[in-house]
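Dear colleague,

Here is the structure I said I would pass on. My notes on what turned up are below it.

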Amino acid sequence: MPAAIVVLAAGSGSRVGAETNKVLLPLAGRPLLAWSIQAALEVPDVRTLVLVGRAADRAALEREVAPLLGDRELLLVDGGETRHASEDAALAVLAPAVEAGDIDVVAIHDGARPLAGAELFTRVIETAREHGAAVPTLDLPALADRDPGSPALPDGPVVGVQTPQAFRARPLLDAYRAADADGFDATDTAGCLARYSDLPVVAVPAGPTNLKVTYAEDIALAEALLND
């Protein structure tokens with residue numbers, strides 16, 4: 001059964017120092033967003049691709065992704081004020097196909113992570129099919145907190161969670177509907193599913209190259225990694 005991939009691109013360029021959406025900034029000769037879209041298009045058994053952006057960016061997003069699509073279809077959806085609201089908007093568009101059983105897994109990816117690659121998308125989708133939910137993870141160095149009044153840091157390894165995250169479609173849709181009813185706004189997709197579902201969330205080892213472009217220097221680092 002085919003999967004769906006959602007690429008989130010409703011952020012801004014404030015922290016990267018740009019006046020435009022950072023996913024439209026150039027990276028190695030093409031818009032940053034193009035790398036994620038191209039990877040998603042290369043994943044086997046993907047039926048639907050959804051791009052979530054700001055309404056103000058709609059024309060620019062359409063212009064940048066159109067040359068990549070060929071005969072493939074992409075649904076462009078206006079995002080919300082928060083990440084959760086943008087995910088909710090994408091799931092609302094996918095809901096009829098999910099309810100009909102035409103989509104079994106939904107993967108959600110941050111368009112500001114241009115180096116994820118089709119192989120990582122494929123691994124998290126396959127893991128979600130088998131176990132219910134999957135997130136790419138990266139072991140991080142331990143942190144020391146200099147504020148004695150703050151909560152204690154957990155003992156043991158510190159793990160960073162990345163995207164794309166993938167989930168069985170019907171439990172994910174049900175979780176977001178329950179969150180809407182409660183007014184709950186999760187910081188990431190896995191957080192919402194964990195709150196409203198008993199499905200296990202399985203870690204899929206990823207690497208440090210799957211970086212998120214947040215600051216200006218991240219673009220230079222991403223370009224260096226692409227040229228490595």
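The protein has seven helices and ten strands. Please keep in mind that this is a predicted model.

Overall figures: the protein is 228 residues long, and 48% of them count as buried. Its accessible surface is about 11,000 Å², with 52% of that belonging to carbon and sulfur atoms. Among contacts with a separation of 6 or more, 74% are between residues 24 or more positions apart.

Next, a helix pair. Helix H3 covers residues 83-99 and helix H5 covers residues 169-182; their axes come within 10 Å and cross at roughly 130°. The crossing of H3 past H5 is left-handed. On the H3 side the contact is made by His84, Glu87, Asp88, Leu91, Ala95, Val98 and Glu99. H5 contributes Ala169, Arg170, Leu172, Leu173, Tyr176, Arg177, Ala179 and Asp180. Sorted by class, the residues in this contact are eight nonpolar, six charged and one polar.

Last, a glycine. Gly160 lies in strand E8, which spans residues 158-161. Its relative accessibility is 15%, and the cut-off for buried is under 20%, so Gly160 counts as buried. Apart from neighbours within four places in sequence, Gly160 is in contact with Pro136, Thr137, Leu138 and Leu140. The C-alpha atoms of Gly160 and Ala206 are 9.8 Å apart, while the two residues are 46 residues apart along the chain.

Regards

Conventions
Residues numbered from 1 in each chain as written. Predicted model: local features only at pLDDT ≥ 70, side-chain atom pairs only at ≥ 80, totals over all residues. Heavy atoms only, no water. Helix = DSSP H or I, 4+ residues; strand = E, 2+ residues; numbered from the N terminus. Buried < 20%, exposed > 50% of the residue type's maximum accessible area, 1.4 Å probe, protein only. Contact = heavy atoms within 4.5 Å. Areas by Shrake-Rupley, 256 points an atom, 1.4 Å probe, with all protein chains shown as cover. Axes fitted to C-alpha atoms, helices over the stretch in contact; angles between N-to-C directions. Left-handed = near helix turned anticlockwise from the far one by under 90°. Nonpolar A, V, L, I, M, F, W, Y, C, P; charged D, E, K, R; others polar.
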